[in-house]
Amino acid sequence: MSDTTRAALAAGTLVALAATSGSLYFSLGLGLTPCDLCWYQRILMYPLVVVLGVAAVEDRPGVWKTVLPLSLGGIALSGYHSYLQVAPGATCTVGGPCTSIQYPMLGGILTIPRLAFIGFALVTVLALAAARLGGSADDAWGM
């Protein structure tokens with residue numbers, strides 16, 4: 001298709017790779033134990049590295065059909081997780097210490113679930129941009 005399509009897919013790959021590497025650093029490097037919601041977010045993020053990476057190499061803008069269920073699910077989970085951390089009296093029924101903030105950054109503005117939310121949102125935008133640039137979304141979106 002085009003270099004811009006591949007660039008968008010490569011950028012999505014890098015975002016997913018950074019999120020994956022960051023989550024591994026938090027648990028393996030810093031020794032933080034992931035809660036249940038963190039594990040579910042990892043399950044949705046990790047495959048995106050391979051899915052987007054292969055799509056970038058093969059120039060497949062139609063990969064958005066595979067990416068969106070994972071990234072939108074991740075947005076929902078990380079959004080809910082972020083809400084649990086700020087809602088007074090919120091409890092996590094999933095299990096684990098989901099309401100605790102283990103590693104606040106920038107004075108508490110950034111937490112691990114908020115970083116995940118940003119990562120999933122960026123992956124979503126980049127996958128949709130690649131689809132739009134590659135023309136694969138025209139039929140699916142009715143344009």
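Is Thr 5 buried or exposed, and what is its relative accessible area? Thr 5 is buried, at a relative accessible area of 0%, where buried means under 20%, exposed means over 50% and partly exposed is what falls in between (1.4 Å probe, protein chains only). Before going further, a word on what you're looking at: this is a predicted model, in which local features need pLDDT of at least 70 and side-chain atom pairs count only at pLDDT 80 or more, while totals for chains, interfaces and linings use all residues. Residues are numbered from 1 along each chain as its sequence is written, and side-chain values use heavy atoms, with hydrogens and water left out.

Let's start with the overall layout. Of its 143 residues, 38% count as buried. The chain exposes about 7,400 Å², and carbon and sulfur atoms supply 68% of that; accessible areas here come from the Shrake-Rupley method with a 1.4 Å probe, and for residues only the protein chains shown count as cover. Take the contacts (heavy atoms within 4.5 Å) between residues at least 6 apart in sequence: 73% of them join residues at least 24 apart.

Back to Thr 5, which sits in helix α1, residues 3-29. Setting aside neighbours within four places in sequence, Thr 5 is in contact with Asp 59, Pro 61, Ala 130, Leu 133 and Gly 134. One of those partners, Asp 59, deserves a look of its own. Asp 59 belongs to the loop between α2 and α3 (64-86), and it has a positive phi of about 55° although it is not a glycine. With a relative accessibility of 12%, Asp 59 counts as buried.

Now look at Glu 58, which is placed in helix α2. Glu 58 is partly exposed, at 43% relative accessible area. Side chains of opposite charge can pair when their charged atoms come close. Here, the side chains of Glu 58 and Arg 60 meet in a salt bridge, at 2.5 Å from N to O. The rule asks for a side-chain nitrogen of Lys or Arg within 4 Å of a carboxyl oxygen of Asp or Glu, and by that rule the count comes to one salt bridge.

On to how α2 and α4 sit together. Two packed helices are described by the angle between their axes and the distance between the axes. Helix α2 (residues 36-58) and α4 pack at an angle of about 35°, with axes 11 Å apart; the axes are lines fitted to C-alpha atoms, for helices over the stretch in contact, and angles run from 0 to 180 degrees between N-to-C directions. The crossing of α2 past α4 is left-handed, meaning that the near helix is turned anticlockwise from the far one by less than a right angle. At the meeting point, α2 brings Gln 41, Leu 44, Met 45, Leu 48 and Leu 52, and α4 brings Pro 113, Ala 116, Gly 119, Phe 120 and Val 123.

Pro 47 also lies in α2, and it is partly exposed at 30% relative accessible area. Beyond four places in sequence, Pro 47 is in contact with Arg 42 and Leu 70. Its C-alpha atom is separated by 8.6 Å from that of Ala 16, 31 residues away along the chain.

What about α4 itself? Ala 127 is in this helix and counts as buried at 1% relative accessibility. Not counting residues up to four places away in sequence, Ala 127 touches Trp 64 and Val 67. Ala 127 and Gly 12 are 115 residues apart in sequence, yet 6.8 Å apart in space, C-alpha to C-alpha. Arg 114, another α4 residue, is partly exposed at 24%.

Phe 117 lies in α4, residues 112-134, and is partly exposed, with a relative accessible area of 34%. Together with Leu 115, Ile 118 and Leu 122, Phe 117 forms a nonpolar surface patch with about 310 Å² of accessible area. Patches are made of residues with over 30% relative accessible area and no salt bridge, joining like charges within 9 Å and nonpolar side chains (Val, Leu, Ile, Met, Phe, Trp, Tyr) within 5 Å.

Notes: Helices (H or I, at least four residues) and strands (E, at least two) are DSSP runs, numbered from the N terminus.
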